[in-house]
Structure formats: C-alpha cells, structure tokens
Amino acid sequence: MRFLSLALQDFRSYAHAEVEFAPGLTAIVGPNGHGKTNLLEALGLVAGLGSFRGAADAALIRDGAECAAVRCQGVAESARELRIELDLDRTRPKKIRVNAQTVPRRRDLLAAAPATVLSPEDLELVKGEPALRRRWLDDTLALVKPSWGALRSELDRILRQRNMLLRQAQGRAGGDITVTLDVWDEKLSAVGDRLRLRRRELLDALGPQISGLYSRLSAGSDTATARYASCWDDAPLADALAAARSEDLRRATTTVGPHRDDVLLEISGSPARSHASQGEKRSLALTMRLAADNEVRRRRGTDTVLLLDDVFSELDPVRSAALLEALPEGQRILTAPTPLLPEGVQPDQLLRVGDGAVTSVPAVGR
C-alpha cells in the first residue's frame, strides 16, 4: 500500500491543497503552526485511524467553512487502484467512500489503507489511561484481520445494552431483569473471551519485538516488557460476570470484562507509567507503534505507510539514528519543523509548507 496524492478542501488550515507523494521517503518541512501535521492528520483519516490529535470531525473543518473534503489516491495490493473520499459536515455524520462505494465504519478504512502514525501524542500510550492501550491493541487486530476488529464493535454494542438494563434495574434483580441479564451475560461472555484471547495472542507476538526495538533505541542500556493484564482470572468470563452481578447491579455498570483490561509496561523491571523518564516513555511509545506496524506487515504480507509527525525533535542523536535504522522499507512521510533534517535522513521528496500552501523543493538530506 502507498499513497499517490492527497487533495484537501477547507480542511484545518487549508482552503485548498493538492499534494503528490513519492514512493519512498517524503519530508515535509516548515515553521510550526503552518500545517505540516494537518497533512499527516488527513492521511491518518483516510487510513481509518481517526484524528491522532483526538479532534472531533467538526474541529477538522476550516474556520468559517461548513464542510470539508479529503480525497486520496493510492495503490493497494497487486497494484489495485484505491480512491478514498471523506466528506465532513458540521451538522451531519461524515461520509466515507472507497472506490465510489460507501462504507459505514472506520475499521473498513483500516483494512483498505493500512498505515501507522508515530507522533508526540503517542506519549499517552505509556502514561495515559488503559483505554488508549486497549485501542492500540484493538486497532492492530483490525489491521491484521478485519473480522477481529469487529469483536470490539460487538463488545461495545453488548455493553451498551447490558449497562442500560443495569440502570433500569435500579439495584434490584428479579423476574424479567434476571432473565434478560442472563441473555446479555451469555453474549458478553462469548465475545469477551474471544477478544481477550486475540489480544493476548497479539501481545505475545508484539512483546519480543517491543523488547528488541527498545533495546536498539536505548543502545542496549535498558529493557522493556509489555504484559496483558486482565481484570478477571483465567476462568471463563461467564463465571466472573456471575460473581460480579451484585456489584454490577449496585453500581449500574459492568465491572468485569475486556473493556477494563490493560497492557502493563515496564522498563528495566519498573512500571513505565510512574518510573520512566519522559524520554524513556517516548522511546517506548515509538517501539509499540513500530512493533505493531511490523506485525501487520508480517501477517498481511504487504507494506503499510508510516506517518511520522515531528518524532525526531525530542530524541537525542543516538536514539534518532537508531529509530531511522529501525524504520522498515516502503513509503514513509515525515514532518520536521525546519529545513535542517535529522542526521541520516535522505528524502526522495521534500515539501515545504507555509501560508496555507504546499510546494515541492529540491530534495537534500541536510
């Protein structure tokens, strides 16, 4: 998979922009605040990753405009042409089309245009809430096999129904409430057990890669581990739900299940979230993204696109060089705040951003 071109209309800072991308390494340079990251954010949208800045759809529309359009041409497996179109509106849900066919869900884009974003926001993967690490696993599952991504959507649907029933029960079970809870517990158990199994299998594959990549970035001075932490023991989820029913009724919410699991991260045996330095956390987050990208490439047998948003500015020269060496072959699109690129970056294409415009300039490594 690789991107060929991107066209924007009233997206973020761009009234209009059209960009073509080289097959290899593209560097996008320019002052901060002039729209470099906006280009990567648009590519992340068409890849099904959503806004990696966490922005709502309405926030992506240029100030003063009512709607925005993102159009992307690409080449998928076996040289198949790919056209992805997104229409954003302040008052209506976004519309997504792949090769002129409407698709209803974000995960359909994950399958169509696999990409990985590395950005400063990834620091939250290590220091943020468990939901971010669960999403990292679930998005990787969806990229590896779309039907596995559907497990999370089904889990969310069941949880909404079960929690609604718990609120209606007002702390008391009996009669129809008990019968209906039994039905939802059976559904939740079936999906929850499968999702936990897939997550654990995936993390078993990612763990050694995270450890190896982190060792490279730290020049072998530290080790990193990632371990799946479930909120119930290895018994079937049905048993845990039965044991927690009284508590669930009291709190009017589902207290056990894969929606409460976490990935425990350690650096040299200490919890990364509380004990690691900012630089160590950032390096670990980068290795988590790269490990997931490597696993998607391996299992799908195809390249993904790497989008790197200003990831070198907060790394020392040793870690920057190690990160460059760890990047896989294929299309890579990175941003940098000045024309002075990191040591070792030799772009095939150099784009300069400024005053709402994107221009191509002669490519130089430094």
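Let me start with Asn 99, which is partly exposed because its relative accessible area is 34%. On that scale, buried means under 20% relative accessible area, exposed over 50%, and partly exposed in between, with a 1.4 Å probe and protein chains only. Asn 99 sits in the loop between strand E6 (95-98) and strand E7 (101-102). Its phi is positive, about 50°, although Asn 99 is not a glycine. Helices (H or I, at least four residues) and strands (E, at least two) are DSSP runs, numbered from the N terminus.

Before I go on, this is a predicted model: local features need pLDDT of at least 70, side-chain atom pairs count only at pLDDT 80 or more, and totals for chains, interfaces and linings use all residues. Residues are numbered from 1 along each chain as its sequence is written, and side-chain values use heavy atoms, with hydrogens and water left out.

Ser 268 also has a positive phi of about 50° without being a glycine. Its place is the loop between strand E10 (262-267) and strand E11 (270-271), and with 41% relative accessibility Ser 268 counts as partly exposed.

Now helix H1, residues 36-46. Of its 11 residues, 11 are buried, so H1 is largely enclosed by the rest of the structure. Those buried residues include Lys 36 and Glu 41. After H1 comes Gly 48, with a positive phi near 85°. Ser 51 lies in the loop between H1 and strand E4 (67-75), and is buried at a relative accessible area of 15%. Leaving out residues up to four places away in sequence, Ser 51 touches Arg 12, Glu 41 and Leu 45, where contact means heavy atoms within 4.5 Å.

The axes of H6 and helix H9 (residues 278-300) come within 8 Å and cross at roughly 130°. Axes here are lines fitted to C-alpha atoms, for helices over the stretch in contact, and angles run from 0 to 180 degrees between N-to-C directions. H6 is therefore oblique to H9; under 35 degrees counts as roughly parallel, over 145 as roughly antiparallel, 65 to 115 as roughly perpendicular, and the rest as oblique. On the H6 side the contact includes Leu 206 and Ile 210, and on the H9 side Leu 284 and Met 288.

How do H6 and H7 cross? Their axes come within 10 Å, at roughly 135°, which means H6 is oblique to H7 as well. Among the residues making this contact are Asp 185, Leu 188 and Ser 189 of H6 and Leu 241 of H7.

Is Leu 241 buried or exposed? Leu 241 is buried, with a relative accessible area of 0%. Not counting residues up to four places away in sequence, Leu 241 touches Arg 162, Asp 185, Leu 188, Ser 189, Thr 254 and Val 256.
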